[in-house]
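Here is a brief report on a ligand site and the domain layout around it.

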Amino acid sequence: MVSLSPTLQARLSTPLKIGSFEVKSRVLQSPLSGVTDMVFRRLVRRYAPDSMMYTEMVNATGLHYVKELPKIMEVDPNERPISIQLFDCRPDFLAEAAVMAVKEGADTVDINMGCPVNKITKNGGGSSLLRQPETAEAIVRSVVKAVDVPVTVKTRIGWTDKEITILDFAKRMEDAGAQMITVHGRTRAQGYNGAAKWEWIARVKEVLSIPVIGNGDIFSVEAAVKCLEQTGADGVMCSRGTLGYPFLVGEVDHFIKTGQELPPPTAIQRLECAREHLQALWEYKGDRGVRQARKHMTWYAKGFSGAAELRGQLSVIETVDQGLDIIDRGINKIATGYQSELELESDFQFA
Ligand SMILES: Cc1cc2nc3c(=O)[nH]c(=O)nc-3n(C[C@H](O)[C@H](O)[C@H](O)COP(=O)(O)O)c2cc1C
């Protein structure tokens, strides 16, 4: 059983202040490319209505030349609080993109300085900015000047184990005008491997005055509480733990606010959520949405008997109806299983 110390609960009971913007939750849904579109965010928000969500990262150079809002930047006028995340290495393009983000409804603008993917770093964006702190500073200054919403940064602890530069880097971001920093406790070289080094998040927290959000390996309520306790961070950001599990942010938020753990969703509830996710992706993106849904569906189909078979079928769906039919059959199979277990139990009780 997870427990929450009164000191921690008291520390987290006030709103998270990102500059002038207040958020009523200390638990954030991370930006996830290919995942955190409007459909996914709507599901997460159902269980975590107060939490800050992020769009997928948007390329500022692309915006500069195309001048048309990409679908990944779309925000529902009713979804709040919301941050639009941008990436690039050009301060002027990022400032321009930030203005578009605010017009679209962003409550804050976040700059990605952590993405490890070659395609992004070789063009000077994402985590390569950890090696170009002057450019990173110029970016923050330029974006802060361009918009009147808070500007935040999401980054890693360094390039490699031998080059952990986060303390100096984070201070520079604060001095340049960033109003919050999220620290993913891994180096660029780690990618998503090995454990996140939360001790560096604790060190960042010691040297900054702006809020520091801990990120990396928050896969459960227990992990979230441990991270908050061990780092002194002002909040936690959930990432891979939400894949096929849009309940996580709400579970952590509920626990922090009440000290009570919510019962986990049943396999049927998870599959019902998968069903809704698939249907909504199809309505929002058409056939492309169905192709994107394949990975989500395989993430949902985990942890119950018959899940492997379901995953195999869902990973190759061609149409929405085919996917819905497979999920419905999965749900029926689980329900029938419960029924026969109940029958067995009642036979036993009355025997
Ligand atoms: C599929 C995937 C997509 C991601 N996309 C983004 C992104 O667009 N922007 C960003 O800042 N981080 C992105 N990340 C990194 C996560 O937000 C997070 O920092 C990282 O997964 C560490 O947290 P975790 O160990 O809890 O997963 C992505 C990670 C994954 C696995």
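Which backbone N or O atom lies 3.0 Å from an oxygen atom of the ligand? That atom belongs to Pro-31. The model is predicted: local features need pLDDT of at least 70, side-chain atom pairs count only at pLDDT 80 or more, and totals for chains, interfaces and linings use all residues. Residues are numbered from 1 along each chain as its sequence is written, and side-chain values use heavy atoms, with hydrogens and water left out.

A polar backbone atom of Asp-217 is 2.8 Å from a ligand oxygen. Arg-240 places a polar side-chain atom 2.6 Å from an oxygen atom of the ligand. Taken alone, the ligand exposes 610 Å², and the protein buries 88% of that (Shrake-Rupley method, 1.4 Å probe).

## The shell

The ligand is surrounded by 17 residues (a heavy atom within 4 Å). The closest are Ser-33, Gln-85, Lys-154, Asn-215 and Arg-240. The shell divides into 5 nonpolar, 8 polar and 4 charged residues. Here Ala, Val, Leu, Ile, Met, Phe, Trp, Tyr, Cys and Pro count as nonpolar, Asp, Glu, Lys and Arg as charged, and the others, Gly among them, as polar.

## Domains

The chain splits into domain 1 (6-258) and domain 2 (267-350). These bounds come from an automatic or database domain assignment. The C-alpha centres of domain 1 and domain 2 are 32 Å apart. Their contact (heavy atoms within 4.5 Å) takes 15 residues from domain 1 and 14 residues from domain 2.

Definitions and conventions
A polar contact is a pair of N or O atoms within 3.5 Å; within protein, one must be able to donate a hydrogen and the other to accept it, and residues adjacent in sequence count only if both atoms are side-chain atoms.
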